[in-house]
2 protein chains.
Amino acid sequence: MKKEIDYTFDNVRVVMVNTTEPGNIGAAARAMKNMSLSHLYLVNPKGYPSATATARASGADDVLSNAVVCESLEEALQGVHLVIGASARQRNIKWRQMDVVDACSEIQKTTTLESQKVAVIFGTEKSGMTNEELDLCQILMTIPGNRDYFSLNVASAIQVFAYQYFILNGQGSFLNESCLFKKASFDELESFYTHFVQVLEHIEYFEDKRPKVLLMRRLRRFFTRAEPEKEEVAIFRGILRNIKPFKKP
Amino acid sequence: MKKEIDYTFDNVRVVMVNTTEPGNIGAAARAMKNMSLSHLYLVNPKGYPSATATARASGADDVLSNAVVCESLEEALQGVHLVIGASARQRNIKWRQMDVVDACSEIQKTTTLESQKVAVIFGTEKSGMTNEELDLCQILMTIPGNRDYFSLNVASAIQVFAYQYFILNGQGSFLNESCLFKKASFDELESFYTHFVQVLEHIEYFEDKRPKVLLMRRLRRFFTRAEPEKEEVAIFRGILRNIKPFKKP
């Protein structure tokens with residue numbers, strides 16, 4: 001009997017958002033399986049399932065048929081501890097940015113703790129990820145390339161990432177569990193941000209010169225950059241619970 | 001005037017042999033251009049030129065239109081100093097074999113002398129290179145991957161090679177100064193911590209179960225890890241200023 005294929009990287013999921021060409025989904029599944037990745041999440045894929053996707057998947061139709069179709073990016077990120085967004089270009093704002101090599105090291109560190117999961121998000125073909133989607137990311141990952149023409153096909157970008165991750169893991173990890181702390185999950189962080197906004201509203205922090213959307217984006221970026229541990233989030237929530245609304249004189 | 005695209009790796013040519021799917025030729029052109037490769041040679045391509053190839057090439061149609069179509073592999077190798085053949089599997093015979101990382105180092109060494117050219121050959125989709133084609137190669141290059149399923153699409157293999165070569169040549173980093181922000185100074189952070197302690201005392205946050213020394217150490221560690229920018233410290237101080245002490249009922 002042929003043994004079941006052994007997928008090595010069970011803690012890493014690839015998330016494709018608003019993919020418009022089903023062929024790219026099939027090609028992504030094939031790229032992933034070649035590099036021992038198997039967890040594919042599809043947020044609002046256009047024209048999927050499709051014969052084109054299956055054809056392009058070649059022998060990776062198992063990755064395709066196990067793909068999880070979601071209605072929102074948030075849904076695809078449930079239970080994830082580190083969220084990485086792939087971006088073709090450097091953004092002029094304050095995400096934590098790194099190239100694919102360093103991003104793969106971060107993933108390796110995070111998944112050293114067996115229960116911790118990582119998502120790597122790839123945006124829609126023409127325009128990549130929106131700012132709202134990027135707001136959910138802790139790290140923005142760029143793939144180095146030609147400065148004068150950078151237009152990687154989305155499945156090619158997934159291929160490069162998957163290859164780089166495979167290669168990195170082949171070179172062994174020095175990290176051991178004892179130096180790692182439990183990171184807060186995506187859900188815990190979202191719930192903390194909701195609480196944070198409520199308190200900032202209570203203390204009447206937002207005003208015209210301090211627009212809520214902008215400020216919250218800055219604060220989220222700050223916290224995601226720090227990659228808070230579970231305990232740290234608990235400390236901040238304790239502080240928030242102690243802040244009572246006050247009346248202006 | 002927009003400057004001409006500067007292709008860095010002029011000494012390296014990619015040779016595709018007996019390619020049966022024109023779409024793969026287009027995808028290969030795109031993969032190459034993204035990584036600053038531009039010299040594509042096509043030995044007996046099937047159904048080429050083709051609209052499918054052009055569509056898949058996306059903005060890399062210049063690489064495609066400059067592609068050299070040859071009738072034999074020997075013709076495509078004229079003037080080349082080092083011939084490398086890509087192979088999905090280790091061969092049971094005595095070629096010099098190495099993985100894509102080491103092969104890229106070899107290419108780099110060879111092309112240090114400006115006049116020396118290298119060809120990297122990719123065989124037909126279903127079966128790869130024949131033994132006769134491999135006989136023309138000095139090095140056999142393999143791409144690491146899943147042992148239980150290794151079936152890289154030919155354009156994906158070219159993508160991985162092109163990426164690895166780009167990375168090796170150290171054009172890795174995208175980061176430029178405009179993406180860097182002013183970090184808060186030591187003094188600014190100390191002054192922020194002093195303010196933070198005052199506010200936590202005002203809101204009566206510290207108690208026996210929440211010892212001040214320990215909690216402040218944890219909070220400092222959190223902020224240190226985030227490496228706050230000047231602006232972010234200003235935001236937090238703005239929040240602190242809005243928190244007024246309250247009286248317990």
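How many residues of chain B are in contact with chain A? The close-ups below come from a predicted model.

**View 1. The side of chain B that touches chain A.** Here 52 residues of chain B are in contact with 50 residues of chain A. On the chain B side, four helices each supply at least two residues: α1 (22-34), α7 (154-168), α9 (212-226) and α10 (230-242). Sorted by class, this side of chain B has 28 nonpolar, 14 polar and ten charged residues.

**View 2. Helices α5 and α7 of chain B cross.** Helix α5(B) spans residues 100-110. Its axis and that of α7(B) come within 9 Å. They cross at roughly 55°, which makes α5(B) oblique to α7(B). The crossing is right-handed. From α5(B), the contact takes B:Val100, B:Val101, B:Cys104, B:Ser105, B:Ile107 and B:Gln108. From α7(B) come B:Val160, B:Phe161, B:Gln164, B:Tyr165 and B:Leu168. Eight of the contact residues are nonpolar, three are polar and none is charged.

**View 3. Strand β7 of chain A is covered on both faces.** β7(A) spans residues 139-142. A:Ile139 and A:Met141 lie on one side. A:Leu140 and A:Thr142 lie on the other. All four are buried.

**View 4. β7(A) pairs with β4(A) and with β5(A).** Strand β4(A), residues 82-86, runs parallel to β7(A) and is joined to it by three bridges. A:Ile84 stands opposite A:Ile139. Strand β5(A), residues 96-99, also runs parallel to β7(A), with four bridges between them. Here A:Arg96 has A:Ile139 as its bridge partner.

Technical notes
Residues are numbered from 1 along each chain as its sequence is written. Chains are lettered from A and ligands numbered from 1 in the order in which they are written. This is a predicted model: local features need pLDDT of at least 70, side-chain atom pairs count only at pLDDT 80 or more; totals for chains, interfaces and linings use all residues. Two residues are in contact if their C-beta atoms, placed from the backbone, lie within 7 Å. Ala, Val, Leu, Ile, Met, Phe, Trp, Tyr, Cys and Pro count as nonpolar, Asp, Glu, Lys and Arg as charged, and the others, Gly among them, as polar. Axes are lines fitted to C-alpha atoms, for helices over the stretch in contact, and angles run from 0 to 180 degrees between N-to-C directions. Angles under 35 degrees count as roughly parallel, over 145 as roughly antiparallel, 65 to 115 as roughly perpendicular and the rest as oblique. A crossing is left-handed if the near helix is turned anticlockwise from the far one by less than a right angle, and right-handed if clockwise. A residue is buried if 20 or more other C-beta atoms lie within 10 Å of its own, exposed if 12 or fewer, and partly exposed in between; C-beta atoms are placed from the backbone. Two strands pair if DSSP finds at least two bridges between them.
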